[in-house]
Amino acid sequence: MAKKAADYEAEKQKLKEFLSGFTTQDDQGRKKFKYAEQLTAIAHREQVSITIDLDDVAEHDEELAQAIRENTRRYNNLMAEVIETLLPDYKERDVPARDALDVFIKHRHLMDARTVDGANPAAAQPVRNTFPPELMRRYEVYFKSQSNEKVIPIREVKASQIGKLVNVKGIVVRATEVKPMMQVATYTCDQCGAETYQPIVSTSFMPQINCPGEDCRVNRSGGRLTLQSRGSKFTKFQEIKVQEHSDAVPVGHIPRSITVYARGDQTRLCAPGDHVGINGIYLPIRKEGFQAMTSGLLSDTYLEAHRIAKLNKAEDDEVGEEEITQEELKQLAEQDFYNKLSSSIAPEIFGHEDVKKALLLLLVGGVDKNPAGMKIRGNINICLMGDPGVAKSQLLSYIDRLAPRSQYTTGRGSSGVGLTAAVMKDPLTGEMTLEGGALVLADQGICCIDEFDKMDEGDRTAIHEVMEQQTISIAKAGIMTSLNARVSILAAANPAYGRYNIKRSIEDNVQLPAALLSRFDLLWLLADKSDREMDLRLAKHITYVHQHNINPPQQHTPMDMKLMRRYIALCQSKNPVIPAELSNFIVGSYCELRKEARLEENKYSTTFTSARTLLAILRLSTALARLRIVDQVEKEDVNEAMRLMEMSKDSLKQQQAPTNRGKKDVDVIYDLIRSIAEGSKTLKIQDIRDRATSKGFKPDQVEKCLDDYEELSVWQLNQARTKLTFIS
């Protein structure tokens, strides 16, 4: 036993040498005492925790790092003791008392000094009444595992890891409120006035009743103890439940979860829905009294958190706080960056260029407005309604992976309370609490809902309030509250008859209530058209992806997911405004949309148009301005927003029922060019392209019209194709 004690004394000496002697080099090549500086801050109460990086310990002494990993609980106490002995050397000035506990500690030290200096040495306090170290320490010691340390799956954390430093990752499913937890209970005796201390190591304890003081024991006066809350030490405490990732669950099993206790500085570092990596010590929960009798031989376990870091969803790396660099920004801001960004969304999926542009705007989002107590949302909602096999679900799952904060759910697998909030009983405190559903967990993110049409009508009504007011109002089990759900909704649905029937109106095909449809900024209708050339390109694309497991070479090289996340975060920091001179243009465009919706011939290709459509145009315009990282919306942004609204119904226009005696696209563009000319002989090609684009025509359709009518000698184009001249 003495040998073991001597060993720990030697280990303490090693720890002391490491703390005082470990150095790193800064950018100028100067030595920097990493931990000595932190000890000075702790001595002056400027810092309340110190994190020891095991990479640094391994660099100093590999054996010591291994010993800390294998016996972390013991070394945590040793490190705290070593720091306590070192602190007086680093204290350069007296520190004023910050709280009541500081005053108590100061008085206790003074009483101690008086007792020692006093004439009667027998009056000194007995050993059992000395101050516990937990009470006098005003700092916490944490360990950070080595960077090459493997992550242990939650279901592999077993008895062999008890007392050791383990590294796990998962998704936070529940986090309690932060509450004060008693670390050391202080009692005073009503007879002799002596103070008694009781360190507490579990979540429950049995209060002491009889005074163990020398006077009461000798005189047998039976003094009763009273708990002094001001003299006791409390720390912040939060219980977190972490569930393993779905991809780590073996076949036929359900996900396992682990309880994590966070104390002090480790609280409030994550919220339900976050993907986290946790370093901590795996320990059994100590039970006392009746609980210990009833639990028998079984013991519950928990992870004492030493470090909590948020992770990205797709990769295992930590969420970086670093901003996008100037070089990356310059590389992005090249010509045609809008198309480059949109083509980087799900590059393995063929086509859908405009759908990807709309999804890019959904990720960026518009600007929230709060005029005089009102709230106008900035989040963009999109519904993808289309035939089977047009890659709706694949687009949803890609956005779910790309968005920094998101939830993915399906129509049949979701109930109303599963989307909003459920009332649960807290197992720790026994009180009724609200547990947020998918929409609350995706707050300030994206909620992807697949099979939207197959959701029960009662459950679907739960989304109405979220989509416009961005809140969830709850009145259940005596809890009346309003939860924030500032979420963009991306829904995918099939038409009412499985496939889109072009002989019926959009309302008949969609079969969703107008109240819900009007809340979607874009209702994107994707019809599976049969076109030999398009089918050939699609089949080649799919076979290439299957063969090489990567998307075929494209016009733009797809961007990295991390770079896209950083760029989107930069875009979201901008709050562009709409200048006064654009107001008339936007108002005129909206009135034109309303007029078209009223026409009888458009009933098959237009949806319900309301004032929300105008707000949708404004949101899309501000999202486009954000994408360009500017502070003002321009006319091109409004034109592009209008074009996306036109293109959302484009697949229907191109396959109207054959009975409709409509003109071909080429002829419509010809009529448009004639109306632009208004009698003049020459026109700029750029003006024609701009006008045709705002009407929803693609550039290749415009080029086809120009070539076809040039062959018919209706007009001539110059060599550079910049000017058009009519032949009279």
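Helices (runs of H or I, at least four residues) and strands (runs of E, at least two) are taken here from DSSP and numbered from the N terminus. The structure is a predicted model, in which local features need pLDDT of at least 70 and side-chain atom pairs count only at pLDDT 80 or more, while totals for chains, interfaces and linings use all residues. Residues are numbered from 1 along each chain as its sequence is written, and side-chain values use heavy atoms, with hydrogens and water left out.

Helix α27 spans residues 685-694, and its buried residues are Ile-685, Ile-688 and Ala-692, where buried means under 20% relative accessible area, exposed over 50% and partly exposed in between, with a 1.4 Å probe and protein chains only. Seen down the helix axis, these buried residues of α27 fall within an arc of 60 degrees, so they line one face of the helix; the arc is that of the directions from the helix axis to the C-beta atoms. An α-helix has 3.6 residues a turn, so residues three or four places apart point the same way. The cover over the buried residues of α27 includes α26 (665-677), β22 (682-684), α28 (699-711), β23 (715-717) and β24 (723-726). After α27 comes Gly-696, whose phi is positive, near 100 degrees.

Rings of Phe, Tyr and Trp (its six-membered ring) pair if their centres lie within 6.5 Å, and planes under 30 degrees apart count as stacked, over 60 as edge-to-face and the rest as tilted. Trp-715 and Phe-726 are edge-to-face, at 5.9 Å centre to centre and with 80 degrees between the planes, and both residues are buried. Together with Tyr-670 and Tyr-709, Trp-715 and Phe-726 form one aromatic cluster. In the loop between α28 and β23 is Ser-713, which has a positive phi of about 60 degrees although it is not a glycine, and which is partly exposed, with a relative accessible area of 46%.

Once neighbours within four places in sequence are set aside, the residues in contact with Ile-345 (heavy atoms within 4.5 Å) include Leu-359, Leu-363, Ile-399 and Met-564.

A search of the whole structure finds zero disulfides, a disulfide being a pair of cysteine sulfur atoms within 2.5 Å. For Cys-448, the nearest cysteine sulfur, that of Cys-447, is 6.8 Å away, and Cys-448 counts as buried at 0% relative accessibility. The sulfur of Cys-571 is 19 Å from the closest cysteine sulfur, in Cys-448, which is too far for a bond; Cys-571 also counts as buried, at 0% relative accessibility.
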